[in-house]
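The topics run from the chain as a whole to individual residues.

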Amino acid sequence: MRLRRHTVTGSAACCAVLLLAACGHGPAHATKDASATPVRAAQAPAPLPVPRGRGSEVPDDFNGDGHRDLVLDALVTAESHADDAGIGIVYGSPRGLVPEARQLLTPAKHAAPVDGRSPAVFEAEAACDLDGDGFTDLVVTTDPPYDGQGRPPVPLQLLFGSPAGLAGRAVPLTVPDRARYGNDWPERPVCGDFDGDGAEDLVLHASTGRLSHLRGPFTREGDPHAAAAPLPSPGEAPTGPAADVNRDGYDDLVVRASAGPGKAAVVLGGPDGPNRTGTTLPTGVDVALGAFGGGKALDAAVGTLDGTALRYDLPTGDGGTARASSSERATLDTPGTMLDAADFDGDGLSELVSSGSGVRVYPGRGTGPTTRDAVTVRPSSSGTTRVLTAGDFDGDGLADLVLRTYRGDTEDTVEVHRGTAKGVVTARAAVTFSTSQFLTP
């Protein structure tokens, strides 16, 4: 399981929950020799302390210093088939991510024990400022004991941000009985201000055809401000991040019919929460929302094994179907098994990133993404490369692309390719490191 990673740009900017920030450590290290990574644990640079912040409105800023940080939910281990190493946090600075400013979150030290035992599973799910104090908080999933009888326990826990970053132990998230439906696990959390009151809420899977809406702000004990009966839903798998698709002041989200490939729909927020189906989308493997066409509402890219369907100006009425295209192009001739969207060149339009087989960035145009002048991003190391997230890590107003190249349980490379007005993203990574650095105490 990994942190939700799609990024929406434009006036409804919404970034994935994968990032954090810090300052005071100077410039991030530029890429030099790819053969120098991954770093052996004994050779990893000594960690730097997490800079102290005062709170900010920057998304995914756990220490509140005004700089975005990175959450790494998959770390290499010292040997193959070893236990999960935990969750890694790389803090940012005015010059971008600083790999030495890092923090390792483990269930033994940071999870709330259940029945006197630390959970074996401790995976990042979503991030937002749940208590409204200016420090981003992290939602993690665990594996509480369950005998299969009756309603299962809540597997989600909250780690709260602070001037020192994610400090202390997590607390279990409270999902009131009135907000649950059936005997499904409450899972798949999505952050967003779905009721428009200025506080971050959480939407969870409740059952087939039902969503739980927990209204923020949340207490430091894990309790929501309010929660009503589960809301009807066109599917069972809420997907983040949320975005104000129709720009009415309420966050909206994509809900998939099931956890795997299939149909999906945009569910619209409102005073009573996300309870209206705003548009249905074509059957596909992945969905990314973005300002692809420069219209009044956001657009959707729906990826399949054969191509990427584009739907523009997503409708705001109940059960509407989005028009195929703002021009003659309704499908991008590229597989879209894994999609992301972000504005890398700062022109107000989203670029589309496809990483099903290789990483390709398709420039945004007034008529939508185009294969013309598409950029292939080739990582410095061989292996299986996936997009971790896209967001503005160096504060220049342009999104950056974060990739992880995986070469087995014990080897990987993480790269940050910066956005640029001249060529979408830089071919050469600005920051390169291995998650093996988290093996160093």
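A residue is called buried under 20% relative accessible area, exposed over 50%, and partly exposed in between, with a 1.4 Å probe and protein chains only. The model is predicted, so local features need pLDDT of at least 70 and side-chain atom pairs count only at pLDDT 80 or more, while totals for chains, interfaces and linings use all residues. Residues are numbered from 1 along each chain as its sequence is written, and side-chain values use heavy atoms, with hydrogens and water left out.

**The chain as a whole**

- Of the 441 residues in the protein chain, 58% are buried.
- The protein chain has an accessible surface of about 16900 Å², and carbon and sulfur atoms contribute 50% of it; such areas come from the Shrake-Rupley method with a 1.4 Å probe, and for residues only the protein chains shown count as cover.
- Among contacts (heavy atoms within 4.5 Å) in the protein chain with a separation of 6 or more, 54% are between residues 24 or more positions apart.

**The sheet E22-E23-E24-E25**

- Four strands in the order E22-E23-E24-E25 form an open sheet with antiparallel pairing; two strands pair if DSSP finds at least two bridges between them.
- Strand E22 (339-342) and strand E25 (375-377) are the edge strands, each pairing on one side only.
- On average, neighbouring strands of this sheet are turned by 25° against each other, direction ignored; the axes are lines fitted to C-alpha atoms, and angles run from 0 to 180 degrees between N-to-C directions.
- Strand E23 (residues 351-354) and strand E24 (residues 359-362) run antiparallel and are joined by three bridges, with Ser 354 opposite Arg 360 in E24.
- Asp 373, in the loop between E24 and E25, is not a glycine but has a positive phi of about 65°.
- Asp 373 counts as exposed because its relative accessible area is 52%.

- All six residues of strand E28 (residues 412-417) are buried.
- One face of E28 carries Asp 412, Val 414 and Val 416, the other Thr 413, Glu 415 and His 417, and both faces are covered.
- Strand E27 (residues 400-406) pairs with E28 in the antiparallel sense over six bridges; Thr 405 has Thr 413 in E28 as its bridge partner.
- The two strands E27 and E28 form a hairpin with five residues between them, and Gly 408 in the turn has a positive phi of about 115°.
- E28 also runs antiparallel to strand E31 (residues 431-433), to which three bridges join it; here Val 414 is the bridge partner of Phe 433 in E31.
- Arg 404 lies in strand E27 and counts as buried because its relative accessibility is 11%.
- The side chains of Arg 404 and Asp 412 make a polar contact (2.8 Å); the term denotes a pair of N or O atoms within 3.5 Å, where within protein one must be able to donate a hydrogen and the other to accept it, and residues adjacent in sequence count only if both atoms are side-chain atoms.
- Neighbours within four places in sequence aside, the contacts of Arg 404 include Ala 74, Leu 75, Val 76, Thr 384 and Thr 435.

**The disulfide**

- The structure holds one disulfide, a term for a pair of cysteine sulfur atoms within 2.5 Å.
- Cys 128 and Cys 191 are joined by a disulfide with an S to S distance of 2.3 Å.
- Cys 128 lies in strand E4 (residues 123-128) and Cys 191 in strand E8 (residues 187-192), so the pair ties together parts that are 63 residues apart in sequence.
- The disulfide is left-handed because the torsion about its S-S bond is about -65°.
- Both Cys 128 and Cys 191 are buried.

**Backbone exceptions**

- Most residues other than glycine have a negative phi, and most peptide bonds are trans.
- Gly 216 and Pro 217 are joined by a cis peptide bond with omega about 0°; Pro 217 is in the loop between strand E10 (210-215) and strand E11 (226-227).
- A cis peptide bond, with omega near 0°, also runs from Gly 240 to Pro 241, and Pro 241 is placed in strand E13 (residues 237-243).
- Arg 247, which is not a glycine, has a positive phi of about 55° and is partly exposed at 31% relative accessibility.
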